[in-house]
Amino acid sequence: MSTIINENRLQSTFKSLDHKINKLNDQKIMAFFESLGLLERKDVPKDFLNWENILIVVPNRHVSHELKYYKYTISRISFVTNPYADQIHIYDLKDWKKAAGNKTQFQIREMMKTSFGGVKKVIKES
């Protein structure tokens with residue numbers, strides 16, 4: 001005899017609740033991105049809510065520290081600091097995992113100079 005009286009009903013209820021939670025989390029993501037000014041930018045992909053997980057690339061530790069709280073309150077987002085980035089960028093976390101997988105820290109640092117928001121710093125000679 002099963003401890004759960006009606007497992008199908010329980011699973012159906014969970015599925016319905018999970019769907020509602022995901023919709024609410026999408027609203028949190030939208031509100032967060034709006035507060036960061038990302039929704040107005042043309043370089044931000046519009047299909048980011050279709051991604052399983054969103055990687056938010058921040059340009060420095062100060063910004064990372066300021067936004068750290070949201071990593072714990074919003075599901076499906078992760079942060080990485082790219083000191084070569086000039087602003088906040090978003091990417092599909094799957095793309096990051098593909099690019100960074102099997103790389104050393106040094107290789108990842110070099111990769112970030114030109115990808116995932118990285119922009120080579122041009123030294124102006126005077």
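User: Which residues of helix H3 (residues 93-100) are buried?

Analyst: The model is a predicted one, in which local features need pLDDT of at least 70 and side-chain atom pairs count only at pLDDT 80 or more, while totals for chains, interfaces and linings use all residues. Residues are numbered from 1 along each chain as its sequence is written, and side-chain values use heavy atoms, with hydrogens and water left out. Helices (H or I, at least four residues) and strands (E, at least two) are DSSP runs numbered from the N terminus, and buried means under 20% relative accessible area, exposed over 50%, partly exposed in between (1.4 Å probe, protein chains only). In H3, the buried residues are Leu93, Trp96 and Ala100.

User: What covers the buried residues of H3?

Analyst: Contact means heavy atoms within 4.5 Å. The covering elements include S1, S2, S3 and helix H4 (105-111).

User: In what order do the strands of the sheet stand?

Analyst: Two strands pair if DSSP finds at least two bridges between them. Strand S2 (77-81) and strand S3 (89-92) each have a single partner strand, so they stand at the edges with one side left without a neighbour in the sheet. The sheet is open, its pairing is mixed, and the order of its 3 strands is S2-S1-S3.

User: Which residue in S3 is the bridge partner of Val57?

Analyst: Strand S1 (residues 54-58) and S3 run antiparallel and are joined by 4 bridges. The partner residue touches Arg41, Asp43, Leu55, Ile56, Val57 and Gly117, not counting residues up to four places away in sequence. The bridge partner of Val57 is His89.

User: What angle does the direction of H2 make with that of S2?

Analyst: Axes are lines fitted to C-alpha atoms, for helices over the stretch in contact, and angles run from 0 to 180 degrees between N-to-C directions. H1 packs on the sheet, touching S1, S2 and S3, and its direction makes about 20° with that of S1. H2 also packs on the sheet, touching S1 and S2, and its direction makes with that of S2 an angle of about 165°.

User: How far apart are the ring centres of Phe32 and Tyr70?

Analyst: Rings of Phe, Tyr and Trp (its six-membered ring) pair if their centres lie within 6.5 Å; planes under 30 degrees apart count as stacked, over 60 as edge-to-face and the rest as tilted. By this rule there are 5 aromatic pairs. The planes of Phe32 and Tyr70 stand at 35°, so the pair is tilted, and the centres are apart by 4.9 Å.

User: How many residues apart in sequence are the parts that this pair ties together?

Analyst: Phe32 is buried at 5% relative accessibility, whereas Tyr70 is partly exposed at 32%. Phe32 lies in helix H1 (residues 7-35) and Tyr70 in helix H2 (residues 61-73), so the pair ties together parts whose separation in sequence is 38 residues.
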